[in-house]
Amino acid sequence: QRQMCIRDRLVTFLLRICTNTYNAAWVAAQKGKDVADYAYQNWKSRYGTLCLIVSLALRLRSQLNCPEFTVSLSLLAYQSNIPRRFWDILSHLKILMSYRWTEEFCIMCLQHEVPLPFERSKYVAVCCYDNCDYYIRHSYNTIATKSEYFHAVNWYSRHVPLAWEPDPMPANAFVTPRKVIGLNMSPDYLEHTELLDFCANLIGSLHSDEINNYPPDPNQGEPTPHQVGTPLVNIATSSYTDNCVVMWYIHHIISLVLPALTFMFIVGDEQTFDRMIKLKTARPNVYDWLIPIPGEFHFVGHVNQAILRLWWGMLLQPCSIVLQREDINRDAGMKKFNQHDEFLFMCITAIHMWFEHVFGHDCLCNEPYLRDVCKDNATSTLLLDFMYCDGMPYAALRRLLRKSPDPGRRGVLNLFYAYYCMRLRATNKYLYSMLCVHYLWTVENLHPSLYSIWAMVYTASVLGHPGRCTPMDGFMEKILSLIHISEPT
């Protein structure tokens with residue numbers, strides 16, 4: 001009401017000072033129009049124009065003086081990490097708060113936590129971090145300069161419900177180490193019939209148009225509670241020193257909230273996981289609280305690349321040529337994962353459709369029958385080998401990771417590490433082949449009560465929609481893109 005009163009007074013003032021010699025009644029008489037109606041329409045048009053001018057003036061005034069806008073702009077500048085000298089200039093012009101004031105305000109806001117929908121554990125936490133390298137363009141400089149490049153590490157944490165907490169809490173995260181890993185990592189696919197038959201039954205029972213659809217998931221319905229931490233600037237995850245700094249920093253921040261913190265799962269990509277494994281191996285007593293876990297979003301991306309390398313010349317390259325997909329190649333990185341994932345699913349769906357059309361629905365569930373009827377046709381045998389050895393396992397892996405966490409599904413996912421260990425090695429992905437061995441050793445020797453926690457947190461959902469879950473490292477990519485931390489300007 002106060003704003004409307006101010007607007008009416010300003011409009012009246014403008015009407016007085018903007019009176020001109022335009023005679024609407026005389027113009028109406030000259031044009032043969034109704035004088036009263038023409039004068040009213042003229043006044044209405046002038047009044048609307050003046051109201052628009054006043055509204056723009058009031059909005060301009062609020063942009064310069066409104067405290068809410070100043071605070072929001074200051075928080076955006078703090079997030080974007082603009083240079084302090086430029087900040088001081090804007091602060092002197094009353095556009096931004098001072099840097100120190102903004103920093104104190106951010107710290108005050110961080111102390112007010114969003115209430116969780118459950119009572120959290122006091123002893124166990126789950127975190128994830130990854131490096132995010134930025135380019136900054138200094139558009140405010142009058143002289144054209146090159147873009148500035150700097151390193152940053154983003155991280156987030158999710159709390160464990162108290163109901164999942166071990167009772168009693170184990171003294172060590174790992175039980176007596178086993179000399180032999182229980183899962184078979186043979187390169188012969190015939191040694192993995194349990195996993196391959198599961199994938200064939202899961203994907204073969206679907207119609208071809210349902211393979212890439214989001215799977216039904218009655219257990220998922222709420223977004224995953226999480227807390228995004230303050231990013232660390234001018235640091236990376238390539239060196240052991242930087243990883244030590246990041247891990248102890250995260251441990252310190254979580255310990256401020258959970259003083260009795262005993263164990264912490266930390267998820268990272270292959271490079272981060274390898275550094276954590278070697279640091280914990282070198283100093284087990286120092287990192288007794290650390291449980292390293294590889295990020296399965298990156299694992300799936302490199303499995304995708306391994307499949308492309310295995311089947312490139314025989315099958316996938318001809319498909320890319322026919323589809324005129326020049327963006328598809330056998331050595332693409334994670335930055336083009338979405339394109340290659342979509343292309344691989346397109347090939348899997350097309351082959352599935354062909355088998356379904358020729359041999360009927362559910363034919364891929366009966367692999368011995370198809371082997372027998374296709375043994376005299378080299379092309380059909382090639383397509384069947386691709387679907388049974390890599391096509392349907394990859395589709396099943398992606399489908400399982402889109403569902404909410406479940407201990408039974410977690411056990412099946414562990415089998416994929418044993419299966420793809422040698423296939424990754426055969427495609428020159430030795431680091432990810434080692435990752436499979438390290439992960440299998442970790443889950444085989446992890447205390448059962450702690451493993452049950454990992455089996456309930458390995459995927460997360462941003463919005464809570466069924467079938468839209470993603471691994472923890474992929475979840476970090478999504479939440480960072482939503483709050484625009486990954487794209488400072």
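This is a predicted model: local features need pLDDT of at least 70, side-chain atom pairs count only at pLDDT 80 or more; totals for chains, interfaces and linings use all residues.
Which residues do ring pairs link into a cluster with W248?

1. The aromatic cluster. Ring pairs join W248 to Y287 and W289 in one cluster. Across the whole structure, a search returns 20 aromatic pairs. One of them is the edge-to-face pair of W248 and W289, with 5.2 Å centre to centre and 70° between the planes. W248 belongs to helix α8 (residues 240-257), while W289 sits in the loop between α9 (270-282) and β8 (290-294), so this pair ties together parts that are 41 residues apart in sequence.

2. W289 has a relative accessible area of 5% and is buried. Y287 is buried too, with a relative accessible area of 5%. W248 is partly exposed, at a relative accessible area of 35%; the cut-off for buried is under 20%.

3. Arginines over tyrosine rings. R84 lies over the face of Y99, 3.9 Å from the ring centre. R275 is placed over the face of Y240, at 5.0 Å from the ring centre.

4. The largest nonpolar core. This core contains 88 residues. Those with the most contacts inside it are F265, F299, L316, F386, Y394, F416 and W454. Helix α13 (residues 378-401) contributes the largest share of the core, 13 residues.

5. Surroundings of L316. Leaving aside residues up to four places away in sequence, L316 touches I307, L308, W311, F343, L344, C347 and F386. Of these contacts, F386 is also listed with L316 among the residues with the most contacts inside the largest core.

6. A second core. A separate nonpolar core has 21 residues, including Y129, I235, M264 and I266.

7. The chain as a whole. The protein chain has 17 helices and 10 strands. Of its 489 residues, 45% are buried. Among contacts with a separation of 6 or more, 75% are between residues 24 or more positions apart. The chain exposes about 26400 Å², and carbon and sulfur atoms supply 57% of that area.

Notes
Residues are numbered from 1 along each chain as its sequence is written. Side-chain values use heavy atoms; hydrogens and water are left out. Rings of Phe, Tyr and Trp (its six-membered ring) pair if their centres lie within 6.5 Å; planes under 30 degrees apart count as stacked, over 60 as edge-to-face and the rest as tilted. Helices (H or I, at least four residues) and strands (E, at least two) are DSSP runs, numbered from the N terminus. Buried means under 20% relative accessible area, exposed over 50%, partly exposed in between (1.4 Å probe, protein chains only). A charge sits over a ring if NZ of Lys or CZ of Arg is within 6 Å of the ring centre and within 35 degrees of the ring normal. Contact means heavy atoms within 4.5 Å. Accessible areas come from the Shrake-Rupley method with a 1.4 Å probe; for residues, only the protein chains shown count as cover. A nonpolar core is a set of buried Ala, Val, Leu, Ile, Met, Phe, Trp, Tyr and Cys residues joined through side-chain atoms within 4.5 Å.
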